[in-house]
Amino acid sequence: MVEIKNHVQIKDIPKENRPREKAMKYGISSLSMPELLSLLIRVGTYEKNSLQVASELLQKADGVQGLAQLSLEELMSVKGIKMAKALELQAVFEIGKRLSYTKALQKDVLNNPKEVIRWIQKEIGGSSQEKVLVAFLDSKNHLLGHKILFVGSVDQSIVHPREVFKEACRYSSSKVLLAHNHPSYDVYPSSQDMLMTSSLCDAGNMMQIPVIDHVIVSPEGYFSFKEEGLL
């Protein structure tokens with residue numbers, strides 16, 4: 001993307017480099033993330049055009065994956081984004097998450113794990129806090145629903161099997177998939193993760209509602225206990 005100096009308005013950028021014109025000529029997929037956001041932001045400030053506001057927003061979110069985790073207050077802390085615009089942006093991010101979930105609902109989780117993992121990454125991957133998400137599956141390995149059961153520092157004493165399988169029974173679930181995020185971006189399981197997985201698998205076998213996988217995600221990667229032969 002062409003570097004934009006201060007006080008340069010979008011109309012002063014060569015026409016072929018403006019986001020709207022590029023999208024019309026080459027398609028929306030040709031745009032960079034700052035250019036896509038600039039189309040949503042539309043108008044900048046006296047000091048910054050919409051491309052620069054978009055770049056500042058991405059910097060605040062620490063990249064694309066963090067955008068959906070920003071609160072209204074965090075969005076509005078970027079100069080040029082007011083309440084109405086912040087709500088519009090949140091609506092777009094939420095639509096993206098729901099589209100990803102809709103795709104995941106249509107898949108056999110065991111035979112199409114990547115689609116489900118992409119949804120989990122969108123749902124919790126960019127969170128600054130550890131979150132435990134439990135997905136509930138039917139006998140054909142399709143998603144019945146999901147719930148974030150725990151937020152905070154995750155260990156086997158906090159993630160109690162009773163809460164997980166109480167929800168599984170409520171969904172009449174045949175199987176469960178466990179997932180949580182590592183805000184550190186290091187998706188390798190800790191000793192606490194190993195103990196938690198073992199505890200939940202034992203409980204699931206006893207309840208005849210097996211844990212089919214435990215996935216640890218970050219915005220940039222994942223670790224699957226099943227794929228690594230640990231489950």
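Lys 166 is partly exposed, at 49% relative accessibility (buried means under 20% relative accessible area, exposed over 50%, partly exposed in between, with a 1.4 Å probe and protein chains only). Its salt-bridge partner is Glu 163, with the closest N and O atoms 3.5 Å apart (a salt bridge is a side-chain nitrogen of Lys or Arg within 4 Å of a carboxyl oxygen of Asp or Glu). Glu 163 is also partly exposed, at 28% relative accessibility. Lys 166 and Glu 163 are three residues apart in helix α7 (residues 161-170), so about one helical turn separates them. Helices are DSSP runs of H or I with at least four residues, and strands are runs of E with at least two; both are numbered from the N terminus. The model is predicted: local features need pLDDT of at least 70, side-chain atom pairs count only at pLDDT 80 or more, and totals for chains, interfaces and linings use all residues. Residues are numbered from 1 along each chain as its sequence is written, and side-chain values use heavy atoms, leaving out hydrogens and water.

Salt bridges that share partners join Arg 42, Lys 85 and Glu 88 into one network. Lys 85 bridges to Glu 88, and their closest N and O atoms are 3.2 Å apart. Both residues lie in helix α5, three residues apart, about one turn of the helix. Lys 85 counts as buried because its relative accessibility is 12%. Glu 88 is partly exposed, with a relative accessible area of 37%.

In total, 11 salt bridges are counted. One of them pairs the side chains of Glu 47 and Lys 79 (3.5 Å, N to O). This pair links distant parts of the chain, 32 residues apart. Glu 47 sits in the loop between α2 and α3 (50-61), and Lys 79 in the loop between α4 and α5. Glu 47 is partly exposed at 34% relative accessibility, while Lys 79 is exposed at 53%. Side chains of opposite charge can pair when their charged atoms come close.

The largest pocket holds about 380 Å³ of space. A pocket is an open set of points on a 1 Å grid over the protein atoms alone, where a 1.4 Å probe fits, with protein on both sides within 12 Å along at least five of seven lines; lining residues have an atom within 4 Å of a point. Grid points are joined across faces, edges and corners, and the volume is the space filled by probe spheres set on them. The lining has 14 residues; Met 33, Val 64, Phe 93, Gly 96 and Lys 122 lie nearest the centre. Helices α2 (33-41), α5 (83-105) and α6 (113-125) each give two or more residues to this lining. By class, the lining has nine nonpolar, three polar and two charged residues (Ala, Val, Leu, Ile, Met, Phe, Trp, Tyr, Cys and Pro count as nonpolar, Asp, Glu, Lys and Arg as charged, and the others, Gly among them, as polar).

The second largest pocket holds about 260 Å³. Of its 16 lining residues, Gly 66, Gln 69, Gly 126, Ser 127 and Ser 128 are closest to the centre. Its lining has five nonpolar, eight polar and three charged residues.
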